[in-house]
Amino acid sequence: MKKLFQYSSLVLILMIFSGCASLTKDTYQRMQIETYSKDNSFVSNAKCRAKNEYGDWVAFTSGTLTIHRSDQNLLVTCEKDGELTGYATVISRTNDGMIGNVFFGGGVGALLDHHNGNAYSYPDWIRIIMGENLVFDRWGSKSGQVVLGKPAVEPPSSSDKTTIVDNIRNFLP
């Protein structure tokens, strides 16, 4: 009976942590950053600062940051004298460790991985265009290939907002 309990406990532990990102992923992730001008010329030695709720990291391009994984997006700013500032929002997405938690019943592992950020990843390699505000998403990206950003959507200005009354007026003759 004691052996049965030991084996059952072992199987239960393996099921809980089988897909656990805490076991399969590191808390930190390396991200390569490169900077280019709007005319597609390489910009070297731009100072890039990346930030999420776990910290603030700095690298000079073309360089690599080692950042703490998080469920929050990473905000990156790159500056260099003589160049316009480049901005990036790097979207955090769940990784395969979290998916393993869902399929193999590791509810405890899923909660732990979400809390410590191990369940999430950013793109491994991004290209920031100086003078632009871009959004980077690793969805559909391939390992070893640079992820190109898309222009960030500007929030509507106060003059763009319409009220309910304005909308009703549009339907009146």
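Does N40 count as buried or exposed, and at what relative accessibility? N40 counts as exposed because its relative accessibility is 54%; the term exposed applies over 50% relative accessible area, buried under 20%, and partly exposed in between (1.4 Å probe, protein chains only). The model is predicted, with local features requiring pLDDT of at least 70 and side-chain atom pairs pLDDT 80 or more, while totals for chains, interfaces and linings use all residues. Residues are numbered from 1 along each chain as its sequence is written, and side-chain values use heavy atoms, leaving out hydrogens and water.

N40 belongs to the loop between β1 and β2 (42–43); strands are DSSP runs of E with at least two residues, numbered from the N terminus. The phi of N40 is positive, near 70 degrees, in a residue other than glycine. N45, in the loop between β2 and β3, is likewise not a glycine and has a positive phi of about 60 degrees.

I33 is in contact (heavy atoms within 4.5 Å) with several residues beyond its neighbours within four places in sequence, including T61, S62, V76 and I128. T61 and S62 are joined by a cis peptide bond with omega about -10 degrees, and S62 lies in the loop between β4 and β5.

Strand β11 (residues 133–136) has L134 and F136 on its covered face, and N133 and V135 on the uncovered one. In a regular strand the side chains alternate between the two faces of the sheet. Strands pair if DSSP finds at least two bridges between them. β11 runs parallel to β7 (residues 86–90), with 4 bridges joining them, and F136 is the bridge partner of V90. With β13 (residues 150–151), β11 pairs in the antiparallel sense over 2 bridges; there P151 is the bridge partner of L134.
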